[in-house]
Amino acid sequence: MTMPFRKLSLILPAILVAGACTNTGANYQPVVDGPVGPNYNFDLQQCQQLAASQSSVDGSTAGNAAIGAAGAAAVTGIVQDSSDNLGRAAVAGALVGAGADVINKNQNKEVIVRNCMRGRGYNVVG
């Protein structure tokens, strides 16, 4: 396995693991300061469902993948002054660009859960 493919084989699982974490994104369970009432679990479920309704992959994901691919290929071409590894660099750049977009959307889902719970009267601190 060549070095760029070895790096690529490490990047993709990291992206998938980041997206599959149990207390992230729509599955986020906020830290609440103070007592929680009997409706807490129902409210949390409703807020998590609201967050889950937001897409994880959309047009911006494809755009960020394209930007990552172009940037990585350009840097590789300039640094190596050769076109030998442009394809591999573009693939790695696309994965990084798309992965960063998915991670950003995952973080936005956490914000939705926090704000939703605050809107329902909980003192969310984290």
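Me: Buried means under 20% relative accessible area, exposed over 50%, and partly exposed in between, with a 1.4 Å probe and protein chains only. What makes Arg-120 count as partly exposed?

Reply: Arg-120 has 38% relative accessibility, so the residue counts as partly exposed. This is a predicted model, where local features need pLDDT of at least 70 and side-chain atom pairs count only at pLDDT 80 or more, while totals for chains, interfaces and linings use all residues. Residues are numbered from 1 along each chain as its sequence is written, and side-chain values use heavy atoms, with hydrogens and water left out.

Me: Why is Asp-43 called buried?

Reply: The relative accessibility of Asp-43 is 10%, so Asp-43 counts as buried.

Me: What makes Arg-120 and Asp-43 a salt bridge?

Reply: A salt bridge is a side-chain nitrogen of Lys or Arg within 4 Å of a carboxyl oxygen of Asp or Glu. The closest N and O atoms of Arg-120 and Asp-43 are 3.1 Å apart, so the pair is a salt bridge. Arg-120 lies in the segment after helix H4 (86-119) and Asp-43 in helix H2 (residues 40-52), so the pair ties together parts 77 residues apart in sequence. Helices here are DSSP runs (H or I, at least four residues), numbered from the N terminus.

Me: How do you know that Cys-47 and Cys-116 form a disulfide?

Reply: A disulfide is a pair of cysteine sulfur atoms within 2.5 Å. For Cys-47 and Cys-116 the S to S distance is 2.1 Å, so they qualify. Cys-47 lies in helix H2 and Cys-116 in helix H4, so this pair ties together parts 69 residues apart in sequence.

Me: Why is the disulfide of Cys-47 and Cys-116 called left-handed?

Reply: Its S-S torsion is about -70 degrees, so the disulfide is left-handed.

Note on methods
Helices (H or I, at least four residues) and strands (E, at least two) are DSSP runs, numbered from the N terminus.
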